[in-house]
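Work through the exercises below with the model open. Try each task before reading its solution.

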Amino acid sequence: MSKTTLLDIAKEVNLSKTTVSMVLNKKDINVSEETRNKILEAAKRLNYIPNSLARSLSTKKTYTIGFIIPDIENPFFSEMAKAIESEAEKYGYSMILCNTFNNGSKEEEYVRLLISKLIDGVVIASSGEKNNSTELLKSNEIPFVILDRHIDEQENINGVFCDNKSGIKLGIEYLIKKGYKNIAFVGGNNKGVLANSRLEYFCETAKEYKIFDEELILEEEFSLEGGIRATENLIKKNKLIDAIFYSSDVMAIGGMKCLLRKGYSIPNDIGILGYDNIGICSFIEPELTTIAQPIYKMGEESCKLLMNEINKKNKSKHIINLSPYLVERKTIR
């Protein structure tokens with residue numbers, strides 16, 4: 001059986017190929033609703049799949065964007081992907097998801113692949129490792145938006161971020177207000193990303209509030225395993241830790257698993273504070289208190305910003321900074 005074409009549909013509904021094409025491509029054409037529905041029903045009945053290559057040759061667009069993420073296992077990025085895909089659909093775009101496994105070289109490989117596929121634009125949540133991704137996109141004139149993780153080069157880019165400095169300060173002030181004194185912090189390995197580091201902001205703010213203890217500061221990868229390893233190392237120090245502030249919920253959940261297995265009661269023996277507010281926080285036991293980022297909003301705004309760039313509606317580059325907020329649950333007494 002041969003592939004269904006526009007001509008096949010045109011013959012089926014006894015209309016011109018041009019009329020059928022304009023209706024299926026949602027072009028502005030003066031036809032009745034009855035005729036429009038007739039064409040759409042015929043296309044569905046004949047299992048018509050549009051030729052995206054032919055469409056891109058005429059429109060100079062593929063109506064596809066890429067979303068590059070560092071870790072598909074982290075629900076933080078899957079929730080963002082859901083937001084971006086939903087928003088992109090409103091503009092008639094589809095999304096290609098690329099997982100870099102926190103590897104800078106793989107991130108660059110994906111950028112090259114997306115460029116070769118004539119992608120219209122890219123949203124990047126950077127792996128953190130130095131690479132030429134943004135330079136490749138710039139030199140090939142591909143619109144892009146940096147999401148969540150800052151990169152060293154911050155000038156003349158579009159970006160959507162959450163204010164990590166105020167988020168960390170909010171968390172520290174909350175813990176102090178709750179009576180915690182010996183507060184440990186588990187930062188994520190930023191692999192050379194200089195700006196907007198939660199670890200850097202924790203050290204800065206902890207010194208300001210005179211609760212800084214270098215021995216209670218650890219850095220690990222953003223993962224369950226990273227949270228487990230960091231927590232085990234903190235316990236070995238035999239310090240009188242009464243709270244641990246993790247720089248991601250995924251790490252916090254790993255840390256809680258470690259503590260509960262070793263007989264600790266949360267929050268009676270030790271308080272736990274996460275960061276991000278991923279969906280699973282309200283389903284684990286005890287439910288995780290966390291500094292929330294507006295994850296879905298970040299995804300939406302990054303897609304809107306990219307669409308404006310693709311459609312040349314931006315006269316200049318834009319940086320959007322959203323505000324974090326506290327979500328109290330059961331892991332802080």
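The exercises cover domains, a sheet with its helix, and salt bridges.

This is a predicted model: local features need pLDDT of at least 70, side-chain atom pairs count only at pLDDT 80 or more, and totals for chains, interfaces and linings use all residues. Residues are numbered from 1 along each chain as its sequence is written, and side-chain values use heavy atoms, with hydrogens and water left out.

**Exercise 1. Find the domains and the distance between the centres of domain 2 and domain 3.**

Step 1. Domain 1 spans 6-50, domain 2 takes 61-162 + 295-323, and domain 3 covers 164-293.

Step 2. Take the C-alpha centres of domain 2 and domain 3. They lie 28 Å apart.

**Exercise 2. Describe the surroundings of strand E9 (residues 271-276).**

Step 1. Look towards E10 (residues 289-292). E9 and E10 pair in the parallel sense over 4 bridges. Leu273 has Thr289 as its bridge partner in E10, and Asp276 has Ala292.

Step 2. Look towards E8. The pairing of E8 and E9 is parallel, over 3 bridges. Ala243 stands opposite Gly271 in E9.

Step 3. Follow the chain from E8 through H11 to E9. This β-α-β crossover is right-handed: with the strands pointing away from the viewer, the path from the first strand over the helix to the second runs clockwise.

Step 4. Judge the cover. In E9, 6 of its 6 residues are buried, where buried means under 20% relative accessible area, exposed over 50%, and partly exposed in between (1.4 Å probe, protein chains only).

**Exercise 3. Which salt bridge links Arg45 to another helix, and what does the pair tie together?**

Step 1. Apply the rule: a side-chain nitrogen of Lys or Arg within 4 Å of a carboxyl oxygen of Asp or Glu. The count comes to 11 salt bridges.

Step 2. Find the partner. Arg45 meets Glu12 at 2.9 Å, N to O. Arg45 is in helix H3 (residues 33-45) and Glu12 in helix H1 (residues 6-13), so the pair ties together parts 33 residues apart in sequence.

**Exercise 4. Compare the bridges of Arg112 with Glu108 and Lys165 with Glu204.**

Step 1. Take Arg112 and Glu108. Their closest N and O atoms are 3.2 Å apart. Both residues lie in helix H6 (residues 104-116), 4 residues apart, about one turn of the helix. Arg112 is partly exposed at 47%, whereas Glu108 is buried at 16%.

Step 2. Take Lys165 and Glu204. Their side chains meet at 3.3 Å, N to O. Lys165 belongs to helix H8 (residues 164-177) and Glu204 to helix H9 (residues 198-208), so this pair ties together parts 39 residues apart in sequence.

Technical notes:
Helices (H or I, at least four residues) and strands (E, at least two) are DSSP runs, numbered from the N terminus. Domain bounds come from an automatic or database domain assignment. Two strands pair if DSSP finds at least two bridges between them.
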